Amino acid sequence: IIPSQRSMLLDALISFEDTIHSQTTVKSHNHPNSTRIGISWRNKKECERFVENLQRAAGRLKDKNQHLRMMHSRLITHTIELMDCDLLTMKSSWLKKFND
């Protein structure tokens, strides 16, 4: 994760964290006011559902991060192109590259 883009990933990170917490925290049957870990590793269906939900949340986070990295890379490329173009003598070329 690029440090300057962390805040742009905040929603995806919170969603990932919520997926973990929603799957692991439930009310205890014995004590209604307490919580316990909600996944029984002995229950294959619960484990599969937890892993699937976690993989989906991780995939959304990965996709968002990859999109931001791609946009960052494009901005770097465009900035370098603009640096190679003299604004005073090549104004129309500079504006064309800037607007792309």
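The following legends describe close-up views of a predicted model. Residues are numbered from 1 along each chain as its sequence is written, and side-chain values use heavy atoms, with hydrogens and water left out. Local features need pLDDT of at least 70 and side-chain atom pairs count only at pLDDT 80 or more, whereas totals for chains, interfaces and linings use all residues.

**View 1. Confidence along the chain.** The mean pLDDT of the chain is 82, pLDDT being the predictor's confidence in each residue, from 0 to 100. A value of 70 or more is reached by 84% of the residues. Among the elements of the chain, α2 has the highest mean pLDDT (90) and strand β1 (residues 25-27) the lowest (53). Helices (H or I, at least four residues) and strands (E, at least two) are DSSP runs, numbered from the N terminus. Where pLDDT is low, the predicted coordinates should not be read in detail.

**View 2. The salt bridge between Lys-44 and Glu-48.** A salt bridge is a side-chain nitrogen of Lys or Arg within 4 Å of a carboxyl oxygen of Asp or Glu. In this pair the N to O distance is 3.9 Å. Lys-44 and Glu-48 lie four residues apart in helix α2 (residues 44-83) and are therefore separated by about one helical turn. Lys-44 is exposed, at 60% relative accessibility, while Glu-48 is partly exposed, at 33%. Here buried means under 20% relative accessible area, exposed over 50%, and partly exposed in between (1.4 Å probe, protein chains only).

**View 3. The salt bridge between Lys-62 and Asp-63.** A search of the whole structure finds two salt bridges, and one of them joins Asp-63 to Lys-62. Their closest N and O atoms are 3.5 Å apart. Lys-62 is partly exposed, with a relative accessible area of 45%; Asp-63 is also partly exposed, at 45%.

**View 4. The surroundings of Thr-19.** Thr-19 belongs to helix α1 (residues 10-24) and is buried, with a relative accessible area of 11%. Its side chain reaches the backbone oxygen of Ser-15 at 2.9 Å. Beyond its neighbours within four places in sequence, Thr-19 is in contact (heavy atoms within 4.5 Å) with Asn-53, Leu-54, Ala-57 and Arg-60.

**View 5. Cys-47 and Cys-85.** Both cysteines are buried: Cys-47 has a relative accessibility of 14%, and Cys-85 has a relative accessible area of 7%. With a disulfide taken as a pair of cysteine sulfur atoms within 2.5 Å, the count comes to zero disulfides.

Note on methods. Polar contact = N/O pair within 3.5 Å; in protein donor to acceptor, adjacent residues only side chain to side chain.
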